[in-house]
Amino acid sequence: MEPLSWMLGTWLSDPPGDGTFPTMKPFQYLEEVHISHVGQPMLNFSFNAFHPDTRKPMHRECGFIRLKPDTNKVAFISAQNTGLVEVEEGEVNGQELSIASHSIARISFAKKPHVEQITRKFRLNSDGKLEQTVSMATTTQPMTQHFHITYKKVMP
């Protein structure tokens, strides 16, 4: 898991993240991220977003990041509190992970419009902060950036 070790730790948004999409009003959010390793050939993760003023829970996401042995190929497996389950695949190159949806499933009563495609990029910037950018396409909108957030590591 060495190629992904730069992602390990507990991270807090610094500053708040920015979200936008053509079908919604722009918003900000706080997020706490835990990325850990328990000895299996994968990382465990959880993303917990909160409203910046009320601290009310917002988006939740958890899953695994698997590295295909002896390659830079990565799979990102995620379940979200919105009823979306996804598999994204891509590559890690240095301290950057770029992935795109491979398959997406949703609960039968998921809110419309439905997400059809997702791309993500994680990178460790020169200040030692972790950045995440997510773009998505829905049944009514083409691929558009949905959010960008920068995290500061608070625990190794």
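**Exercise 1. In this predicted model, find which residues F21 is in contact with, leaving aside its neighbours within four places in sequence.**

Solution. 
Step 1. Locate the residue: F21 lies in strand β2, which runs over residues 17–21.
Step 2. Leave aside the neighbours within four places in sequence; F21 is then in contact with M136, T138, Q141, T144, Q145 and H146.
Step 3. Decide whether F21 is buried or exposed. A residue counts as buried under 20% relative accessible area. F21 has 3% relative accessibility, so it counts as buried.
Step 4. Compare sequence and space for one pair. F21 and S135 are 114 residues apart in sequence, but their C-alpha atoms are 9.1 Å apart in space.

**Exercise 2. Describe where S135 is found and what it is in contact with.**

Solution. 
Step 1. S135 is found in strand β10, which covers residues 130–138.
Step 2. Its relative accessibility is 14%, so S135 counts as buried.
Step 3. Set aside the neighbours within four places in sequence. The contacts of S135 are then Q117, I118, T119, M143, T144, Q145 and H146.

**Exercise 3. State how many helices and strands the chain has, and describe its overall dimensions.**

Solution. 
Step 1. The count gives 0 helices and 11 strands. Read along the sequence, the pattern is therefore β-β-β-β-β-β-β-β-β-β-β.
Step 2. Along the principal axes, the C-alpha atoms fill a box of roughly 40 × 35 × 25 Å.
Step 3. Check the radius of gyration. For 156 residues, a compact globule would have a value near 15 Å; the chain has 15 Å, so the two agree.
Step 4. Turn to burial and contacts. Buried residues make up 39% of the 156 residues. Of the contacts with a separation of 6 or more, 37% are between residues 24 or more positions apart.

**Exercise 4. Identify which members of the largest nonpolar core touch the most other members.**

Solution. 
Step 1. Begin with the background: in soluble globular proteins, nonpolar side chains tend to be buried together.
Step 2. The largest nonpolar core here holds 30 residues. Those that touch the most other members are W6, M7, I65, L97 and F122.
Step 3. Follow one of them. Not counting residues up to four places away in sequence, M7 touches I35, L43, I65, L97 and F122.

**Exercise 5. Describe the largest pocket by its volume and its lining.**

Solution. 
Step 1. The volume of the largest pocket is about 930 Å³.
Step 2. Its lining consists of 33 residues, and M24, H59, T82, M136 and H146 lie nearest the centre.
Step 3. Divide the lining by residue type: 17 are nonpolar, 10 polar and 6 charged.
Step 4. Assign the lining to strands. β3 (24–36), β4 (42–50), β5 (57–67), β9 (115–124), β10 (130–138) and β11 (144–155) each supply at least two of its residues.

**Exercise 6. Decide whether F109 is buried or exposed.**

Solution. 
Step 1. F109 is in the loop between β8 and β9.
Step 2. Its relative accessibility is 67%, so F109 counts as exposed.
Step 3. F109 and G83 are 26 residues apart in sequence; from C-alpha to C-alpha they are 8.4 Å apart in space.

Notes: Residues numbered from 1 in each chain as written. Predicted model: local features only at pLDDT ≥ 70, side-chain atom pairs only at ≥ 80, totals over all residues. Heavy atoms only, no water. 1 Å grid on protein atoms, 1.4 Å probe; cavity = no way out; pocket = protein on both sides within 12 Å on 5 of 7 lines; lining within 4 Å. Points joined across faces, edges and corners; volume = space filled by probe spheres on them. Helix = DSSP H or I, 4+ residues; strand = E, 2+ residues; numbered from the N terminus. Nonpolar A, V, L, I, M, F, W, Y, C, P; charged D, E, K, R; others polar. Core = buried A, V, L, I, M, F, W, Y, C linked by side-chain atoms within 4.5 Å. Buried < 20%, exposed > 50% of the residue type's maximum accessible area, 1.4 Å probe, protein only. Contact = heavy atoms within 4.5 Å. Rg over C-alpha atoms; globule rule 2.2 N^0.38 Å.
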